Amino acid sequence: MPEPRQLSLAALTVLELSPVEQVRVAHGGGYDCVGLRLVPATADERHIDLLTDQAMRREVLAALADTGITVLDAEIWRIQPQMDWDRLERVLDLAARLGATRLLVADNTPDPTLSHDLLGRICAMAAPFGVRPHLEFMPWTHAPNLAAARERIAGLDNCALLLDA
């Protein structure tokens, strides 16, 4: 029998809220899960850094325990020619502590071969944390469509596509 589908509140939907508020809104709205943005998508977006704000991290963990909401995905990691692998390890560690099983990934590397290789390393790093990277194709990235995204993930272990309808 297939697993029941879960309804998750995406971080971007309520990005103006703190991570604790996102968890509480997900609970109030009848969602099963929430996505949390651990890394800002842009330099100017409002962002509470759960990597460094330990008090907020404790509040989020308490809200998760209190509500029964789980974290489905952590976002957003960008594949770039110059990667901060130490930061990625911290993101994966935090994602695992929060219970996230997915890492939303966007491709910002123009070279498809380099992108594939970097994504492979991300996937290998994520596996011991129980996190599976999901590449989301978006028109403004270097994986702008399904065909390009499928090419990027071809043959990689611990990797999936994210289809954002």
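**Figure 1. Helices H3 and H4 are oblique to each other in the predicted model.** The axes of helix H3 (residues 85-98) and helix H4 (residues 112-126) come within 10 Å and cross at roughly 40 degrees. Angles under 35 degrees count as roughly parallel and those from 65 to 115 as roughly perpendicular, so a crossing between these ranges is classed as oblique. The crossing of H3 and H4 is right-handed.

**Figure 2. Close-up of the residues that form the contact between H3 and H4.** Helix H3 contributes Trp85, Leu88, Glu89 and Leu92. From helix H4 come Leu118, Arg121, Ile122, Met125 and Ala126. Sorted by class, the contact of H3 with H4 comprises seven nonpolar and two charged residues, with no polar residues.

**Figure 3. One cavity of 30 Å³ or more is found in a search of the whole structure.** The largest cavity holds about 110 Å³ of space. Helix H1 (19-28) and strand S2 (33-37) are the elements that each give two or more residues to the lining of the largest cavity.

**Figure 4. Close-up of the residues that line the largest cavity.** The lining includes Leu15, Leu17, Pro19, Gln22 and Leu36. Arg37, Glu45, Arg46, His47 and Ile48 also belong to the lining of this cavity. By class, five of the lining residues are nonpolar, two are polar and three are charged.

Methods:
Residues are numbered from 1 along each chain as its sequence is written. This is a predicted model: local features need pLDDT of at least 70, side-chain atom pairs count only at pLDDT 80 or more; totals for chains, interfaces and linings use all residues. Side-chain values use heavy atoms; hydrogens and water are left out. On a 1 Å grid over the protein atoms alone, a cavity is a set of points where a 1.4 Å probe fits but cannot get out, and a pocket is an open set with protein on both sides within 12 Å along at least five of seven lines; lining residues have an atom within 4 Å of a point. Grid points are joined across faces, edges and corners, and a volume is the space filled by probe spheres set on the points. Helices (H or I, at least four residues) and strands (E, at least two) are DSSP runs, numbered from the N terminus. Ala, Val, Leu, Ile, Met, Phe, Trp, Tyr, Cys and Pro count as nonpolar, Asp, Glu, Lys and Arg as charged, and the others, Gly among them, as polar. Axes are lines fitted to C-alpha atoms, for helices over the stretch in contact, and angles run from 0 to 180 degrees between N-to-C directions. Angles under 35 degrees count as roughly parallel, over 145 as roughly antiparallel, 65 to 115 as roughly perpendicular and the rest as oblique. A crossing is left-handed if the near helix is turned anticlockwise from the far one by less than a right angle, and right-handed if clockwise. Contact means heavy atoms within 4.5 Å.
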